Amino acid sequence: MSFTVLLGLILCNAIWATNPSMGKLVMLEFAPLHVSWLRYGSALISAYILLALLRFFRPQEISPAKEAFKK
């Protein structure tokens with residue numbers, strides 16, 4: 001495993017671990033429904049940005065299955 005992959009996994013684990021604590025802190029100011037919208041809305045926006053960046057920088061590696069259906 002390369003160092004960058006390990007660092008990325010550690011970063012993802014840190015974000016995952018702080019999620020419940022941050023949710024509780026946000027609930028002190030907002031209603032639970034608003035917290036849910038913030039959580040899932042930001043996750044959706046992040047996923048769209050990540051997909052756009054992956055398609056821009058590595059379009060040939062996004063879906064190898066597409067090549068199989070073109071033949």
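Q: What percentage of the 71 residues of the chain counts as buried?
A: In this predicted model, 3% of the 71 residues count as buried, a class that requires under 20% relative accessible area with a 1.4 Å probe and protein chains only, whereas exposed means over 50% and partly exposed lies in between. Local features need pLDDT of at least 70, side-chain atom pairs count only at pLDDT 80 or more, and totals for chains, interfaces and linings use all residues. Residues are numbered from 1 along each chain as its sequence is written, and side-chain values use heavy atoms, without hydrogens and water.

Q: Why is phenylalanine 3 called exposed?
A: Its relative accessibility is 62%, so phenylalanine 3 counts as exposed.

Q: How does the span of H1 stand against the expected 36 Å?
A: H1 has 25 residues and reaches 36 Å from its first C-alpha to its last, close to the expected value, which is 1.5 Å times one less than the number of residues.

Q: Where does the kink in H1 lie?
A: The kink, about 40°, is at asparagine 19, shortly before proline 20; the bend is the angle between axes fitted to the seven residues ending at a residue and the seven starting there.

Methods
Helix = DSSP H or I, 4+ residues; strand = E, 2+ residues; numbered from the N terminus.
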